[in-house]
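Me: I would like to learn how to read the features of a model such as this one. Could we go through them one at a time, with the general idea beside each case?

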Amino acid sequence: MLATVTDKGQITVPKEIRDRIGIVPGSKLDFELMDDGSLRVRVLARGAENLFGLVHRPGQSPLRVEDMDEGIADAVAARNRPS
């Protein structure tokens, strides 16, 4: 996909890309120039409207905080086990 740079150095991110990676007004983008001359762009923050429904899973019972704590502790223990 092509984008044109304006005389102010601005570009419009194509809609297909914005939709696919969730770029909304207020999103923060991080630009990184790679050693090979390519440009890496990452979305750092997204607007609050993208958070709606992020955690809710229809048909799945909500977890208790104690269950979440136990899952985190298990994951940390597994990661720290000697191979």
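Reply: Let us begin with a pair of charged side chains: Asp30 and Arg42 form a salt bridge whose closest N and O atoms are 3.0 Å apart, the term standing for a side-chain nitrogen of Lys or Arg within 4 Å of a carboxyl oxygen of Asp or Glu. This is a predicted model, in which local features need pLDDT of at least 70 and side-chain atom pairs count only at pLDDT 80 or more, while totals for chains, interfaces and linings use all residues. Residues are numbered from 1 along each chain as its sequence is written, and side-chain values use heavy atoms, with hydrogens and water left out.

Me: Which parts does the pair of Asp30 and Arg42 tie together?

Reply: Helices (H or I, at least four residues) and strands (E, at least two) are DSSP runs, numbered from the N terminus. Asp30 belongs to strand β1 and Arg42 to strand β2, so their pairing links parts that are 12 residues apart in sequence. The protein as a whole has two helices and two strands, and from the N terminus on these run α-β-β-α.

Me: How many salt bridges does a search of the whole structure find?

Reply: The search finds five. Among them is the one between Glu32 and Arg40, with the closest N and O atoms 3.6 Å apart, and another joins Glu66 to Arg64, also with a closest N and O distance of 3.6 Å. Through shared partners, salt bridges join Arg64, Glu66 and Asp67 into one network.

Me: Is Ser27 buried or exposed?

Reply: Buried means under 20% relative accessible area, exposed over 50%, and partly exposed in between (1.4 Å probe, protein chains only). Ser27 is buried because its relative accessible area is 16%, and its place is the loop between α1 (15–21) and β1. Its side chain also reaches the backbone oxygen of Val24 at 2.8 Å. Of the 83 residues in the protein, 7% are buried.

Me: Which residues form the nonpolar patch on the surface?

Reply: A patch is made of residues with over 30% relative accessible area and no salt bridge, like charges being joined within 9 Å and nonpolar side chains (Val, Leu, Ile, Met, Phe, Trp, Tyr) within 5 Å. Here Phe31, Leu33, Leu39 and Val41 form it, with about 430 Å² of accessible area together, the areas coming from the Shrake-Rupley method with a 1.4 Å probe, where for residues only the protein chains shown count as cover.

How values were computed. Polar contact = N/O pair within 3.5 Å; in protein donor to acceptor, adjacent residues only side chain to side chain.
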